[in-house]
Amino acid sequence: MPSYDVHQHIWPQPVVDVLRRRMQPPRLERDLLELEEGSFPVDLAEHELDARLALLDRDGIDVAVVSFPPTLGWERHPELADAYHAGVLDLAAASGGRLLPLACGTCLEGFAGACVSAQAATGDLGTLPDELGRAGQVLFVHPGPPEAAHASAPTWWAAVASYTAQMQAAYLAWIADGAERHPSLHVVFAILAGGAPIQLERLRSRGVEPKTVLHPNVHLEIASYGRRALELSLDTCGAGQLLYGSDIPVIDSRPTSKALSELGEEVRRTILTENPTRLFA
């Protein structure tokens, strides 16, 4: 069975072209990505196919599930989603099956599923869950644009405070209602749903038994987390609901990959190969 990284991002050339043409955030100005919350350096070479395949080889990964992150605001700027859809299938075809794309908030033929922001998942997704379920595709929930930070917020504030809060809210909304209404839909929550496993005891203290935390179709992706968080998650829900993800090219994949390897070959095989094969093969 192939090994999978279920959380990577890639910008096809049409996305880069649109970002360069835009006069307001989100936009690209030389090598800076300008968002409403600030400017961030980017290396466009990291989005080239050869470079991405080389990273997969370095990490011993066969297939990367790729998406266009909602943090870039495509839910408010649909021309960005259109550009991604226009280019990513060509990249996937050229990759020889090693890139498996997710669509932006919609169910489309040729894609493995849909990526939506945590804000969207917390609200009403309309008919999307039913459409994905009928198509045998996956719903991937990812942080969206952060809330406005306080004046003295450090540069890491959005990633550590806002993104995790968004993901916890989306996860709790799903186990409170969505999983029961859409029991056959596989849903993947990025970044351990913002560390949701640690909140389940608190949920129980409010008289709520989170039965759907063990729902076989609710999955937690582990990008950015290390051994302590992984051990807690394993103790909470077992290896059967965890999926390996890296968040390439946003962060370095190697710390999480190393932590996963330290948990033993059986756990590593379950999270890296067996679980994602059930979803994406």
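Four aromatic pairs turn up in this predicted model, where rings of Phe, Tyr and Trp (its six-membered ring) count as a pair if their centres lie within 6.5 Å, with planes under 30 degrees apart called stacked, over 60 edge-to-face and the rest tilted. Take Phe68 and Tyr84: their rings are stacked, at 5.6 Å centre to centre and 15 degrees between the planes. Phe68 sits in the loop between β5 (63-67) and α3 (78-94), while Tyr84 belongs to helix α3, so the pair ties together parts that are 16 residues apart in sequence. Helices (H or I, at least four residues) and strands (E, at least two) are DSSP runs here, numbered from the N terminus. Phe68 is buried at 0% relative accessibility, and Tyr84 is buried at 0% as well; buried means under 20% relative accessible area, exposed over 50% and partly exposed in between, using a 1.4 Å probe and protein chains only.

Now look at Trp156 and Trp157. Their ring centres are 6.1 Å apart with planes at 35 degrees, so this pair counts as tilted.

A quick word on the ground rules. Residues are numbered from 1 along each chain as its sequence is written. Local features need pLDDT of at least 70 and side-chain atom pairs count only at pLDDT 80 or more, while totals for chains, interfaces and linings use all residues, and side-chain values use heavy atoms, with hydrogens and water left out.

Five of the five residues of β5 are buried. Val63, Val65 and Ser67 are on one side and Ala64 and Val66 on the other, so both faces of the strand are covered. On to its partners: strands pair if DSSP finds at least two bridges between them. Strand β1 (residues 4-9) runs parallel to β5, joined by four bridges, and Gln8 stands opposite Val66. Strand β6 (residues 99-101) also pairs with β5 in the parallel sense, over three bridges, with Ala64 opposite Leu99. Together β5, α3 and β6 make a right-handed β-α-β unit; right-handed means that, with the strands pointing away from the viewer, the path from the first strand over the helix to the second runs clockwise.

Further along, there is an open sheet of six strands in the order β7-β8-β9-β10-β11-β12, with parallel pairing. Its edge strands are β7 (103-104) and β12 (242-243), each of which pairs on one side only. Start at β7: two bridges connect it in parallel to strand β8 (residues 113-117), and Cys104 has Cys115 in β8 as its bridge partner. Helix α5 (residues 128-135) lies across β8 and β9 (138-142), running at about 155 degrees to β8. That angle is taken between N-to-C directions on a scale from 0 to 180 degrees, with axes fitted to C-alpha atoms, for helices over the stretch in contact.

Two bridges then join β11 to β12 in parallel, with Leu243 as the bridge partner of Glu221. Between these two strands the chain crosses through helix α9 (residues 227-237), and this β-α-β crossover is right-handed.

Which residues touch the most other members of the largest nonpolar core? Of its 82 residues, Trp11, Phe68, Leu139, Val141, Tyr171 and Phe189 do. Such a core is a set of buried Ala, Val, Leu, Ile, Met, Phe, Trp, Tyr and Cys residues joined through side-chain atoms within 4.5 Å. Helix α6 (residues 157-181) gives the largest share, eight residues.

Leaving aside neighbours within four places in sequence, Phe189 is in contact (heavy atoms within 4.5 Å) with residues including Val141, Met167, Ala170, Tyr171 and Trp174, and with Val218, His219, Leu220 and Glu221. Ala170, located in helix α6, is buried with a relative accessible area of 1%. Beyond residues up to four places away, Ala170 touches Ala118, Ala121, Thr122, Val141 and Phe189.
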